[in-house]
Amino acid sequence: MMEIPSYFRLVNRDWTVLYESEARIRELSEEDEETHGLCDPVKAVIYLARELDQYPLAYKRHCFWHEFVHAIKFANGEDNHDEEVVDRVAGMIQQAVESFN
Ligand SMILES: [Zn+2]
């Protein structure tokens, strides 16, 4: 079982994973959609909602991978991300990583 990291390094940048309330993440995202995560490429921070503790762990991990894919895309110089693609790729990474064990 993979633990969600607190830090990771991506293209020579140190990213931090922080936990905030869903309401705070919504505020930070400046979008009016319900979200359990946020990727901030300026601060190099992935925010995950504290409320995710009430969901199955697999879903929490999926949310991490989803934001992680956003981080990769930002690191790759892409600023507009297709959410469907991001989510599908996140699912694939999760499946592969969980098959390592
Ligand atoms: Zn997204």
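**View 1. Alanine 44 sits in the loop between β3 (37–40) and β4.** Helices (H or I, at least four residues) and strands (E, at least two) are DSSP runs, numbered from the N terminus. This is a predicted model, in which local features need pLDDT of at least 70, side-chain atom pairs count only at pLDDT 80 or more, and totals for chains, interfaces and linings use all residues. Residues are numbered from 1 along each chain as its sequence is written. Alanine 44 is not a glycine, yet its phi is positive, about 55 degrees. Most residues other than glycine have a negative phi. Is alanine 44 buried, exposed or partly exposed? A residue is buried if 20 or more other C-beta atoms lie within 10 Å of its own, exposed if 12 or fewer, and partly exposed in between, with C-beta atoms placed from the backbone. Alanine 44 is partly exposed because 18 other C-beta atoms lie within 10 Å.

**View 2. Valine 11 belongs to the loop between β1 and β2.** The hairpin of β1 and β2 has two residues between the strands. Valine 11 has a phi near 45 degrees, which is a positive value in a residue other than glycine. Valine 11 counts as exposed, because it has 10 C-beta neighbours inside 10 Å.

**View 3. An open sheet of four strands runs in the order β1-β2-β4-β3.** Strands of a sheet pair through backbone hydrogen bonds, either parallel or antiparallel. Two strands are taken as paired if DSSP finds at least two bridges between them. The pairing in this sheet is mixed. Which strands stand at the edges? They are β1 and β3, each with a single partner strand, so one side of each is left without a neighbour in the sheet. Neighbouring strands of this sheet are turned by 20 degrees against each other on average, direction ignored. Helix α2 packs on the sheet and touches β1, β2, β3 and β4. The direction of α2 makes about 20 degrees with that of β3. Such angles run from 0 to 180 degrees between N-to-C directions, and axes are lines fitted to C-alpha atoms, for helices over the stretch in contact.

**View 4. Strand β2 pairs with β1 and with β4.** The pairing of β1 with strand β2 (residues 13–20) is antiparallel, over four bridges. Tyrosine 7 has threonine 16 in β2 as its bridge partner. The pairing of β2 with strand β4 (residues 45–49) is parallel, over five bridges. In β4, leucine 48 stands opposite tyrosine 19, and tyrosine 47 stands opposite leucine 18.

**View 5. Leucine 18 and aspartate 14 are found in strand β2.** Leucine 18 counts as partly exposed because it has 13 C-beta neighbours inside 10 Å. Which residues does leucine 18 contact, leaving aside its neighbours within four places in sequence? They are Val45 and Tyr47; two residues are in contact if their C-beta atoms, placed from the backbone, lie within 7 Å. The C-alpha atoms of leucine 18 and isoleucine 46 are 6.2 Å apart in space, and the two residues are 28 residues apart in sequence. Aspartate 14 counts as exposed because it has 9 C-beta neighbours inside 10 Å. Not counting residues up to four places away in sequence, aspartate 14 touches Tyr7, Arg9 and Ala44. Aspartate 14 and glutamate 34 are 20 residues apart along the chain, and their C-alpha atoms are separated by 27 Å.

**View 6. Leucine 10 lies in strand β1 (residues 7–10).** Leucine 10 is partly exposed, because 14 other C-beta atoms lie within 10 Å. Not counting residues up to four places away in sequence, leucine 10 touches Trp15, Ala71, Ile72 and Ala75. Leucine 10 and isoleucine 72 are 62 residues apart in sequence, but 7.6 Å apart in space, C-alpha to C-alpha.

**View 7. Helix α2 (residues 57–75) and helix α3 (residues 83–98) cross at roughly 120 degrees.** Their axes come within 8 Å. The angle makes α2 oblique to α3; angles under 35 degrees count as roughly parallel, over 145 as roughly antiparallel, 65 to 115 as roughly perpendicular and the rest as oblique. Residues of α2 in the contact are Arg61, His62, Trp65, His66, Val69 and His70. Those of α3 are Val86, Asp87, Val89, Ala90, Gly91, Ile93 and Gln94. By class, six residues of the contact are nonpolar, five polar and two charged. Here Ala, Val, Leu, Ile, Met, Phe, Trp, Tyr, Cys and Pro count as nonpolar, Asp, Glu, Lys and Arg as charged, and the others, Gly among them, as polar.
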